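Work through these exercises with the structure open. Try each task before you read its solution.

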Amino acid sequence: MLDSGPAPVLLLPVGAVEPHGPHAPLRTDSIISLAICERAALELARDRTVRALVLPEIGFGVTHYAEAFTGAVTISEATLRAMVVEICASLRLQGFTHVVIVNSHFEPAHVATLREAAEQAQVGFLDLTRRSVAEQLTEEFKSGAAHAGRYETSLVLATHPELIELDVMRRLPALRVNMPEAMAAGRTDFLAMGMDRAYCGAPAEASAREGDATLATLTSLLIDIIRRQVVTEPGP
């Protein structure tokens with residue numbers, strides 16, 4: 001039985017292992033997801049109605065677009081779906097009915113799989129690819145050029161700056177690639193998109209200050225979902 005008090009909402013960070021340019025870590029997506037969860041849990045630590053608890057991350061995802069590069073480790077859609085659904089089912093058996101998936105890896109098949117898993121498991125999902133959500137993020141994110149660019153690199157600088165190769169980052173030229181448009185045009189990997197160094201956007205413009213501001217926005221978006229979990233019936 002769960003103790004009385006603030007309603008617990010469990011946060012499930014999801015990321016991937018894949019190249020993020022020559023300057024950022026393979027775990028960039030997982031690092032960002034985990035940072036959002038941890039910041040939300042900290043901000044809700046003294047809340048009287050809800051508390052957030054951070055689960056261990058699912059560190060592997062569907063990463064076909066990066067398969068041409070060493071360091072990309074992909075799992076199948078079926079494996080990812082099963083992991084999420086079974087984790088949530090196990091938690092539900094223990095009385096934890098409120099769960100939110102927090103994802104920062106945006107490959108379409110990966111996101112679609114998480115949407116399906118959230119619906120099947122009847123849990124929440126912080127889906128940053130939804131237009132209404134994406135419009136609240138940075139200009140680079142909205143431009144579609146946000147793989148290891150200014151957006152993601154800033155978030156890592158704000159949380160784990162020791163993992164960024166600063167000298168390399170500062171020498172990288174901006175690469176304007178609208179990834180959603182390229183995907184819609186049938187380009188099925190980073191190389192076909194012109195991302196021969198596994199990044200796009202403007203990593204040289206990244207800063208910890210921007211990353212901290214973006215993290216604050218992401219945390220606010222997550223807290224909104226967390227609060228909705230405890231005032232409605234469990235569901236996506």
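This is a predicted model.

**Exercise 1.** Find how exposed arginine 27 is, then describe its salt bridge with glutamate 57.

Solution. 
1. Arginine 27 has 36% relative accessibility, so it counts as partly exposed.
2. Arginine 27 sits in the loop between strand S1 and H1, and glutamate 57 in the loop between strand S2 and helix H2. The pair is 30 residues apart and links distant parts of the chain.

**Exercise 2.** Classify aspartate 127 and arginine 130 as buried or partly exposed.

Solution. 
1. Aspartate 127 has 6% relative accessibility, so it is buried. Buried means under 20%.
2. Arginine 130 has 43%, so it is partly exposed.
3. Their side chains form a salt bridge, 3.4 Å from N to O.
4. Salt bridges with shared partners join Arg115, Asp127 and Arg130 into one network.

**Exercise 3.** Work out how helix H1 is oriented against helix H9.

Solution. 
1. H1 covers residues 28-43 and H9 covers residues 208-231.
2. They pack at an angle of about 65°, with their axes 9 Å apart.
3. Angles of 65 to 115 degrees count as roughly perpendicular, so H1 is roughly perpendicular to H9.
4. The crossing is right-handed.
5. Among the contact residues are Ala35 and Ile36 of H1 and Leu215 and Leu222 of H9.
6. The contact residues divide into ten nonpolar, one polar and three charged.

Notes
Residues are numbered from 1 along each chain as its sequence is written. This is a predicted model: local features need pLDDT of at least 70, side-chain atom pairs count only at pLDDT 80 or more; totals for chains, interfaces and linings use all residues. Side-chain values use heavy atoms; hydrogens and water are left out. Axes are lines fitted to C-alpha atoms, for helices over the stretch in contact, and angles run from 0 to 180 degrees between N-to-C directions. Helices (H or I, at least four residues) and strands (E, at least two) are DSSP runs, numbered from the N terminus. Angles under 35 degrees count as roughly parallel, over 145 as roughly antiparallel, 65 to 115 as roughly perpendicular and the rest as oblique. A crossing is left-handed if the near helix is turned anticlockwise from the far one by less than a right angle, and right-handed if clockwise. Contact means heavy atoms within 4.5 Å. Ala, Val, Leu, Ile, Met, Phe, Trp, Tyr, Cys and Pro count as nonpolar, Asp, Glu, Lys and Arg as charged, and the others, Gly among them, as polar. A salt bridge is a side-chain nitrogen of Lys or Arg within 4 Å of a carboxyl oxygen of Asp or Glu. Buried means under 20% relative accessible area, exposed over 50%, partly exposed in between (1.4 Å probe, protein chains only).
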